[in-house]
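Colleague: Could you walk me through the pockets of this protein? I have a few questions ready.

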Amino acid sequence: MKLKTHIDGFDEILKGGLLKPSAVLVAGPAGSGKTTFCLQSLFNAAKNGESCIFISMLVESPSMIIRNMSQYSFFDNSVIESGNLRILSIGAGIIEKGDFAIFEFINDVIHKYKPSRVAIDPITILDHITSTFDEKELQYSQKRSFVINLFSEFEEWNTMLVMTGEMSENSIANSPWAYMVDGIIILGQEYCASNIRRYLNVTKMRGTDFSNGKHGFKMTSDGITVFPRFMPVPVTSDIESGNVSTGVNDLDEMLGNGLLQTSATMIASSAGCGKTMLSLQFIANGVLNKEPCLMISFEDNLKELAKSVSGFGLDLEQYHTEDLLRHIYYPQGEICPDELAIHIKKIIDEIGVKRILIDSISGLKNVIPDPKQLETYIFSLIKYFKNNNITSIFTYELPEILGDVKIPDSSLPFIMDSTIIMKNIEIDGQIKKSIFVLKMRGSKADNAIKEFIISDRGFEIRDLFAESD
Ligand SMILES: Nc1ncnc2c1ncn2[C@@H]1O[C@H](COP(=O)(O)OP(=O)(O)OP(=O)(O)O)[C@@H](O)[C@H]1O
Ligand SMILES: [Mg+2]
């Protein structure tokens, strides 16, 4: 039988929850969220009417635990008053008396309250216990039998046991606890660019399936929220055929009749060449056709974006208030990628998004600096968009201002359906802006290199050697 942990997002990773009975270790360094993990789960289970017990080993007194937990929204004093959640502590007096005294304390508690779940925080205090009878520290084999006996007691009473251990991800593999427990959940932290990211990783779970890898999580006044790892899923829905205007008629013509619906396009240009402006025309065209749109920006806020196209007669801020346009903005890349994916999916469901702009892939790199992970993430986004019949544009900043086009993330054009390049070129000592379609899957595109200008009417495309008006 499985019991839900009641930690947002985590039961999805565990395909339902943790087995009862089982003994699971939650391991992580100081401040990684272990105590919060246990109590969030127990408070929520107690609210559902279960009998739950939290045993603090030596570290914090029950009153201190209650004070620390009362800041969280899952805290509910009524479950403590009703006795559904009991917060107890094994103090120094019992620990010093050694193995028998500890066993007796836990045994009494289980017999008396018959809890469906128990948390012990931290179990690693038992690494240094003595024998009650000869007052010597237990040998390794004695410690092992003590812990195994303790676990069988919980198993016999059909109790789910969650224990915490203060240990790093590297040290856990060689720890004797790793062999003795049924499951291991690691709570870790890592630096990502200039942000600290928390992650959760299930490395062992006997007798049940789980989703592997590092899943991002955050801690807020609601406690822990886990974001299941965003992974590519095959395209299963029937892809709608049809064409979607870019918002620039001449560019639609170059593309053979606009973009294909449900396709993913990369618009690459050097800084300041106009990729955001062009993409905004695509979004505005969608909104004017009453197609809900989503923009994800890492560089400009909505006001800045709206200002850049206001001269074209487009009012992004107005569209935003009409709820035909949503905007997600993370200037410092301070969001975890798995959370961003959930945010995007939620908006897609809420307003039935038809067009998406990600501006830019270079900004997304602040969220996911690792090139391989970035590629998998973009690939997963594209698959998700296709399954939801969405046409997407990803902008990409080219490093060169002038000269040959080099795309450092060379695999990106392969995962896109179309690639449009905009670059500065020098003609007769003058810089002109050029645009061409590098690749167009499933349609016949024009191979010509054209010139474009951005006027108060928006994008205008013309032949490169045409005389200017
Ligand atoms: N309201 C909150 N918003 C965001 N983070 C919070 C909030 N409250 C606590 N935290 C974070 O929670 C962490 C402490 O959680 P917790 O006590 O569960 O960790 P722990 O792993 O049990 O730590 P220890 O090893 O010290 O026992 C700290 O890193 C703290 O920054
Ligand atoms: Mg703790």
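Modeller: Gladly! Helices (H or I, at least four residues) and strands (E, at least two) are DSSP runs, numbered from the N terminus. This is a predicted model, where local features need pLDDT of at least 70, side-chain atom pairs count only at pLDDT 80 or more, and totals for chains, interfaces and linings use all residues. Residues are numbered from 1 along each chain as its sequence is written, and side-chain values use heavy atoms, with hydrogens and water left out.

Colleague: Which helices each supply at least two residues of the lining of the second largest pocket?

Modeller: A pocket here is an open set of points on a 1 Å grid over the protein atoms alone, where a 1.4 Å probe fits, with protein on both sides within 12 Å along at least five of seven lines; lining residues have an atom within 4 Å of a point. The second largest pocket holds about 330 Å³, a volume being the space filled by probe spheres set on the points, which are joined across faces, edges and corners. Of its 17 lining residues, those closest to the centre are Gly31, Lys34, Thr35, Glu60 and Asp121. The helices you ask for are H2 (34–47) and H3 (62–69).

Colleague: And which element gives the largest share of the lining of the largest pocket?

Modeller: That pocket has a volume of about 530 Å³, and among the 25 residues lining it, Lys214, Pro337, Asp338, Ile368 and Gln373 are closest to its centre. Strands S8 (183–192), S9 (195–205) and S10 (214–220) each supply at least two lining residues, as do helices H14 (337–351) and H16 (371–387). The largest share, five residues, comes from H16.

Note on methods
Chains are lettered from A and ligands numbered from 1 in the order in which they are written.
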